[in-house]
Amino acid sequence: MELTVGQEADIQKIVAEMDCPKSFPCYESKFEDLTPVKAFSGTDVVECLIETESHCSKSFKFGYDAIFLCKCPLRKYVSLNLGR
C-alpha cells in the first residue's frame with residue numbers, strides 16, 4: 001500500500017508511542033495482514049470483528065451485546081484514515 005509522506009509520519013509517530021505485544025504484524029505486512037474491523041461512521045469507534053479478547057490484547061468487550069472494540073491506535077488510524 002502506498003502512503004503519503006504525511007500518512008507515513010503519522011504512522012511512525014503512533015508506532016513510536018505505543019507497544020504491540022505481537023510486534024506490529026499489520027505494519028510489518030504493509031497493512032496487508034489486518035484484523036477485520038468495522039468503523040462506525042462519524043466517530044472514532046472501531047469494532048473488532050474477531051470476537052475474542054485472546055486474539056488481541058488491545059480489544060475489549062463493551063455493552064450488553066458484548067461487542068469487542070478496538071483500542072489499538074495504529075489499527076484505528078488505518079481503519080479511519082486509510083479505509084482498511
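**Close-up 1. The aromatic pair of the predicted model.** The count comes to 1 aromatic pair, where rings of Phe, Tyr and Trp (its six-membered ring) pair if their centres lie within 6.5 Å. Y27 and F31 form this pair, and it is edge-to-face. Planes over 60 degrees apart count as edge-to-face, under 30 degrees as stacked, and the rest as tilted. The centres of Y27 and F31 lie 6.1 Å apart, with 65° between the planes. F31 is buried, with a relative accessible area of 2%. Y27 is partly exposed, at 23%. Buried means under 20% relative accessible area, exposed over 50%, and partly exposed in between (1.4 Å probe, protein chains only).

**Close-up 2. The open sheet.** Its 4 strands run in the order β1-β2-β4-β3, with antiparallel pairing. Strands (E, at least two residues) and helices (H or I, at least four) are DSSP runs, numbered from the N terminus. Two strands pair if DSSP finds at least two bridges between them. β1 (37-39) and β3 (59-62) are the edge strands, and each pairs on one side only. Neighbouring strands are turned by 40° against each other on average, direction ignored.

**Close-up 3. β1 beside β2.** β1 pairs with β2 (residues 46-48) over 3 bridges, in the antiparallel sense. A39 stands opposite V46 in β2.

**Close-up 4. Helix α3 on the sheet.** α3 (residues 73-82) lies across β1, β2 and β4 (67-70). Contact means heavy atoms within 4.5 Å. α3 runs at about 60° to β1. Axes are lines fitted to C-alpha atoms, for helices over the stretch in contact, and angles run from 0 to 180 degrees between N-to-C directions.

**Notes.** Residues are numbered from 1 along each chain as its sequence is written, and side-chain values use heavy atoms, without hydrogens and water. In this predicted model, local features need pLDDT of at least 70 and side-chain atom pairs count only at pLDDT 80 or more, while totals for chains, interfaces and linings use all residues.
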